[in-house]
Amino acid sequence: MYQGIVINKDDAGYTSKITEIASKTLEEGEVRVEVKYSTLNYKDALAITGRSPVVRSFPLTPGIDFSGVVIESKHPAWKKGDEALLNGWGVGEKYSGGLAEQVTVSGDWLIQKPSAFSFIDTMIIGTAGYTAMLCVMALQKHGLKPSDGKILVTG
């Protein structure tokens with residue numbers, strides 16, 4: 001058992017609360033991660049408050065990103081003690097995410113945490129920073145150079 005935010009929707013309505021979550025048996029290809037840090041992204045706020053139909057399956061733990069340590073793995077690329085991070089892949093929308101003490105996800109979705117960054121550093125950058133950098137890299141791929149002038153990448 002571990003704690004996390006759980007969003008539910010039933011005949012009684014939409015609820016979001018911190019609760020005990022039972023660990024499930026890992027399927028082939030899955031990895032369980034002890035979450036060290038996550039962010040509270042705008043999409044997570046919409047999910048928690050129910051103000052927008054972000055959550056697509058219930059019950060669900062929000063949190064579109066997280067960094068942490070592998071505590072169990074049934075994926076060939078990941079072993080106990082590995083440091084990982086994740087953002088995207090429908091986590092926090094279709095699949096439970098990082099606003100809990102643990103999370104179970106497909107090992108294919110994880111990224112090895114760069115050794116130059118701490119767990120908190122990876123979440124300071126977060127999904128928004130990562131997305132902005134992907135945008136800048138795409139612009140560079142299409143020929144934009146720093147000498148071309150300032151650019152603005154918005155969320």
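Predicted model: local features only at pLDDT ≥ 70, side-chain atom pairs only at ≥ 80, totals over all residues.
Residues are numbered from 1 along each chain as its sequence is written, and side-chain values use heavy atoms, with hydrogens and water left out.

Start with the overall layout. The chain has 2 helices and 7 strands, where helices (H or I, at least four residues) and strands (E, at least two) are DSSP runs numbered from the N terminus. Read from that end, the order is β-β-β-α-β-β-β-β-α. The C-alpha atoms fill a box of roughly 55 × 40 × 25 Å along the principal axes. Take the contacts between residues at least 6 apart in sequence: 67% of them join residues at least 24 apart.

Now go to strand 6 (residues 102–106), where you'll find Gln 102. Gln 102 counts as buried because its relative accessibility is 17%; the cut-offs are under 20% relative accessible area for buried, over 50% for exposed, and partly exposed in between (1.4 Å probe, protein chains only). Beyond its neighbours within four places in sequence, Gln 102 touches Tyr 2, Ser 23, Arg 32, Val 33, Val 35 and Ile 71. Across the chain, buried residues make up 39% of the 155 residues.

Arg 56 is another story. This residue sits in the loop between helix 1 (42–49) and strand 4 (65–73), and it is exposed because its relative accessible area is 54%. Setting aside neighbours within four places, Arg 56 is in contact with Glu 93 and Lys 94. The side chains of Arg 56 and Glu 93 are joined by a polar contact of 2.8 Å (a pair of N or O atoms within 3.5 Å; within protein, one must be able to donate a hydrogen and the other to accept it, and residues adjacent in sequence count only if both atoms are side-chain atoms). The Arg 56 side chain also reaches the backbone oxygen of Val 54 at 3.1 Å.

With a relative accessibility of 41%, Met 133 counts as partly exposed.

Terms used:
Contact = heavy atoms within 4.5 Å.
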